[in-house]
Structures are given as C-alpha cells and as structure tokens.
Amino acid sequence: MDTSIFDGENNRFKHGLLVRLRQFKDTDVKIVLAEVIRREVIGHVARAAAEEQSKLKSALRGVGLAWQVAPELRDSILKSLFNGQTPASFAEQRVEKFLSDSGIEVISHAERVKVEDLVEDYFTTKAPFGKTADKKNEFPDAIALRALDHWAEETDCQVLVVSKDNDWSAYCATSPRLVCVKDLAAAIGHFQQSSSAICHKLSQLLRGGALETEVRYRLSAAVDTSDFIPEASSAYSFDYDVEEVEVGDVQFHEQDDGSALIVVERPEEDVIVVAADVEITYSVTTGFSFSIKDGIDKDMVPIGSTSQTANATVTARVLFTFEDIQAENPELAEIEVELSSRYHDVDYGDVSPSFERDWDDEWVEPEVSDQG
C-alpha cells in the first residue's frame, strides 16, 4: 500500500477497511509496507494531530477570555487530554500499534535500493519519475517501489500493490513481480473469490425493501458530521443557514462481475463483511437572509429572505456486516458509512429575496382610531 490508500481511509486504523487487514495475520497472505511509506503515514497522522491540537488550544484561549477561565484550568484540560504527548510520538505509537495488530511486515530499503539506480531512473524519467518539473518529489515513491520489487525477487513471490497513484501503476506495469490495483476493497476481495455468489445475492437485497430503507436512514445520519457549503451569488449581501438535508437518489457502483459488493472479511463461517462504493444525491435546503448597507448610518438593513433547494452529489464507502448468510434473508447486523469528505459544495446559482406577497394570508382590516 502507498500513502494515498491510508489518506483515502482517513488513517482510521480501528474502523473501515484498514482494520480488516487483521484477518490476514498469521495466514499464508503476507502484508508488507515499505519503510518510506511507514514514515510518510506517521508524518501525515502527526500533522493532522498537530492541526487539531492547535485548534483546541486556540478555542480554549477564546473560552478563557470570554468566560474568564483561569490559565491553570485550561492547562489542566490540555494535560488530561494529551498527557504531555507530542503529535509526533502519538502518531508513531498509533501507526506502530496498527502494524503490529495487523501483522504487517515493514520492508527496509537500506540494503535493497541503490542510489545509482535511482539517479538513472530520475534522469531517464522512468516511472515513477515523470517529465514534470516537480518529478524530484517522486524520490520517496521510487525508493518504496524499488524496495518492494527487490523484496519480491528475494522471496520469489508476486506482490499485489495497492495505490491510487498513476506513477505507481506505471512502474508496476514494467515489473514482472508487481501488480497494481487502485482500490483497497478490491485488493482484499482478491482473497475472497469464493464468496462472489453471496455478493450477488446480497446486492439484490440491498436494492429494495427494508434493507434499502435502512441504508437510506444510515446515509442520512452520516451527514450529521458533515458541512454543506452553499455556493451562491447575489446582488445583495447575504447570510445563509442550511435548514434541511434529505437523501435523494442512491446509486451503487457495480463491479466488473455486475455485483455492487466486494467481500472484505469473513470473520465467521456465517458472517460476512462486504464493501460498496455509493453515490448519493442529497437534497439540501438553505435559507438566505439578504441585507443592504444604509447610505446614511452605514448599518446593514434586512430587506428580505428566501429558501432554496439544490442537489449535492457525494460519494461514500459503505461496509455492511451480514449474519446468517446462508438463510434466504440474511440479517443486516451493522453498517459503517465513510463519506469521501467532510465538506460538500452546493451550487445555488444566483439568489435574491422573495418579494412576493403570500396571498393565502388572511387580510386584516387595520383599526381606525377614534379622533372625535
């Protein structure tokens, strides 16, 4: 695996697909990771941890100023959360535990990669080096790939490489021992071929009835932690508030065999975990409040509002755990949804206040004061 796979799974080591790699520990299937990729993953986890830690510290400073919270109490909160651990040490500990729990062997490049080979590849623009100006950034990938290639030759085996990087695919195409696939679920599925008939059966169940209703409910709940960002233009200044998000169309991406599912784990004989790539259309209703600047006192004066609905298309990876799979109607025990991103743009085009009067409102005759 390369770094793009870990990033694509948001470095979630206890959920999603990465945790499914544990099933291969102490089996004939060996999972290996280049040392360079191990270091890159640690760096990415550390950077994310540092960014979130910085946000928390900033938020606590703001709370301290607004609520007059003593610095000692704020420091105590930080200490209780992080226990003095740095982002770098936290990241290394987390990644090492994942590698150990999954039985992943780290492949060193020290004795396997020669500098002269890398230099030759660089100047002849051999994959993964391209012809772009930033090709020097591909040195880590080149080291990782050559180390894996050398290890495959040492052990006399074929290696299934998982990477979304086209340069990795290009290198593997020139290697007799490396085969590249772009999707982790598909890679795991290569070792679950005997379950293809079950996938077809479960695919049919998911496309109708109570199971489809449950899937739609979970997809609706998944956006509770997401932010939909309205993209709009107007002749007026405006604020917005996302009022409602509803699940519309749901499309399962089909595999080459026509099934929408890939088996990623068989934890028990009668239990199966399958993955699906799903494209969801969410209907997003947003309220817009408009204002203009008063030419005299420069205050912003409200002039009206409107409510608009637009669609946003979001991709997600969904994991389904089924029990009693030999029965006519297997039981759906668990659903995990991982959206492709936390933030989703929604295009509303040009927006403006609604000045139309609601004629359904009952007309009330104004009272006339008695002047006599």
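Trainee: How many salt bridges does a search of the whole structure find?

Mentor: A salt bridge here is a side-chain nitrogen of Lys or Arg within 4 Å of a carboxyl oxygen of Asp or Glu. The whole structure holds 20 of them. This is a predicted model, in which local features need pLDDT of at least 70 and side-chain atom pairs count only at pLDDT 80 or more, while totals for chains, interfaces and linings use all residues. Residues are numbered from 1 along each chain as its sequence is written, and side-chain values use heavy atoms, with hydrogens and water left out.

Trainee: Which residue forms a salt bridge with Glu 96?

Mentor: Arg 38 does, with the closest N and O atoms 2.5 Å apart. The two are 58 residues apart and link distant parts of the chain, Glu 96 being in helix 4 (residues 87-102) and Arg 38 in helix 2 (residues 35-67). Helices (H or I, at least four residues) and strands (E, at least two) are DSSP runs, numbered from the N terminus.

Trainee: Is Arg 38 buried or exposed?

Mentor: Buried means under 20% relative accessible area, exposed over 50%, partly exposed in between (1.4 Å probe, protein chains only). Arg 38 has 13% and is buried, whereas Glu 96, at 33%, is partly exposed.

Trainee: What separates Asp 101 and Lys 97 in helix 4?

Mentor: About one helical turn, because they are four residues apart in that helix. Their salt bridge has its closest N and O atoms 2.9 Å apart. Asp 101 is partly exposed at 23%, and Lys 97 is partly exposed at 47%.

Trainee: Where do Asp 227 and Arg 342 lie?

Mentor: Their side chains meet in a salt bridge at 3.4 Å, N to O. Asp 227 is in strand 5 (residues 227-233) and Arg 342 in the loop between strand 10 (331-339) and strand 11 (343-350), so the pair ties together parts 115 residues apart in sequence. A network of salt bridges also links Glu 9, Asp 183, Asp 277 and Arg 317.

Trainee: Which members of the largest nonpolar core touch the most other members?

Mentor: A nonpolar core is a set of buried Ala, Val, Leu, Ile, Met, Phe, Trp, Tyr and Cys residues joined through side-chain atoms within 4.5 Å. Among the 54 residues of the largest one, they are Met 1, Phe 6, Leu 21 and Leu 184. Helix 6 (residues 139-155) gives the most to this core, with eight residues. A second, separate core of 40 residues includes Cys 199, Leu 261, Ala 312 and Tyr 348.
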